[in-house]
Every structure is written in structure tokens, then in C-alpha cells.
Amino acid sequence: MEHEGDKDKMKSLGVIRKVDELGRVVLPVETRKRLGLEPKDPVEIFVERDRIVLKKYEPVCIFCGSTGDAVIWKDKRVCKRCVEQMKRGADKTNNED
Ligand SMILES: [Zn+2]
């Protein structure tokens with residue numbers, strides 16, 4: 001079986017780190033550089049079976065995918081532009097409320 005997206009394959013850095021008493025792990029500096037992670041940057045944590053995946057947290061609009069000024073609306077991230085579009089669309093087509 002061939003898998004697509006080999007470039008996205010998980011790659012071991014050969015780095016072993018220990019979790020400290022508070023559950024903290026230091027991310028290797030080269031990894032932080034590669035992802036552009038600066039101190040205080042938020043990271044999103046995923047669990048995948050027995051894996052913990054850290055992803056640089058970037059709020060993304062669920063509609064257009066932009067990372068611009070997103071707001072949380074009903075637990076979803078929506079950028080202000082899409083909010084505006086929704087408002088206008090709702091006024092014109094969807095007066096259910
Ligand atoms: Zn949007």
C-alpha cells in the first residue's frame with residue numbers, strides 16, 4: 001500500500017525529553033524555529049491514539065480559512081469579514097428569526 005503525502009510523514013528528531021513534575025516538556029529549539037513558535041505563542045494539543053500532537057495554534061475561519069481577526073461564534077471561529085457577509089446574507093435571504 002502506498003501512502004500519499006510522504007512529505008507530511010511523521011519524522012523522529014531523535015530527541016528524547018522527559019516530562020517534568022508539572023507535565024512540561026521542552027520543545028527543541030530547532031522545532032520551535034521551524035514552526036515559528038515564539039515564547040508565549042499558543043499551541044493546540046491533539047491526541048491521536050498513543051500520540052500527542054502539538055500544532056501552532058492559528059485561529060482559522062471555518063468559512064474562508066483565513067487566519068485574520070477571527071471571533072468565536074457558537075464554538076466556531078469566524079473571521080469578521082465572514083460575519084459581515086453572514087449578517088448581510090441573513091438580512092436579505094434568511095429572515096427566519
Ligand atoms: Zn472568513
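## Contacts of C82

Leaving aside its neighbours within four places in sequence, C82 is in contact with C61, F63 and C64. Two residues are in contact if their C-beta atoms, placed from the backbone, lie within 7 Å.

C82 also belongs to the largest nonpolar core, with C61, A70, V78 and C79, 5 residues in all. A nonpolar core is a set of buried Ala, Val, Leu, Ile, Met, Phe, Trp, Tyr and Cys residues joined through C-beta atoms within 7 Å. A residue is buried if 20 or more other C-beta atoms lie within 10 Å of its own, exposed if 12 or fewer, and partly exposed in between, with C-beta atoms placed from the backbone. In soluble globular proteins, nonpolar side chains tend to be buried together.

## Model and confidence

This is a predicted model: local features need pLDDT of at least 70, side-chain atom pairs count only at pLDDT 80 or more, and totals for chains, interfaces and linings use all residues. Residues are numbered from 1 along each chain as its sequence is written.

The predictor's confidence in each residue is its pLDDT, from 0 to 100. The protein chain has a mean pLDDT of 83, and 86% of its residues reach 70 or more. Confidence is highest in strand β1 (residues 43-48), at a mean of 92, and lowest in β3, at 80.

## Overall layout

The protein chain has 2 helices and 4 strands. Helices (H or I, at least four residues) and strands (E, at least two) are DSSP runs, numbered from the N terminus. Along the sequence the pattern is α-β-β-β-β-α.

Of the 97 residues in the protein chain, 5% are buried. Among contacts with a separation of 6 or more, 0% join residues 24 or more positions apart.

Strands β3 (residues 70-73) and β4 (residues 76-79) pair in the antiparallel sense over 4 bridges. Strands pair if DSSP finds at least two bridges between them. Which residue in β4 is the bridge partner of I72? The partner is R77.

The hairpin has 2 residues between the strands, and K74 takes a positive phi near 50°. D75 is found in the loop between β3 and β4. Its phi is near 65°, a positive value in a residue other than glycine. D75 counts as exposed, with 5 C-beta neighbours inside 10 Å.

## A positive phi at K40

Most residues other than glycine have a negative phi. K40 is not a glycine, yet has a positive phi of about 80°. K40 lies in the loop between α1 (29-35) and β1. Is K40 buried or exposed? K40 is exposed, with 5 other C-beta atoms within 10 Å.
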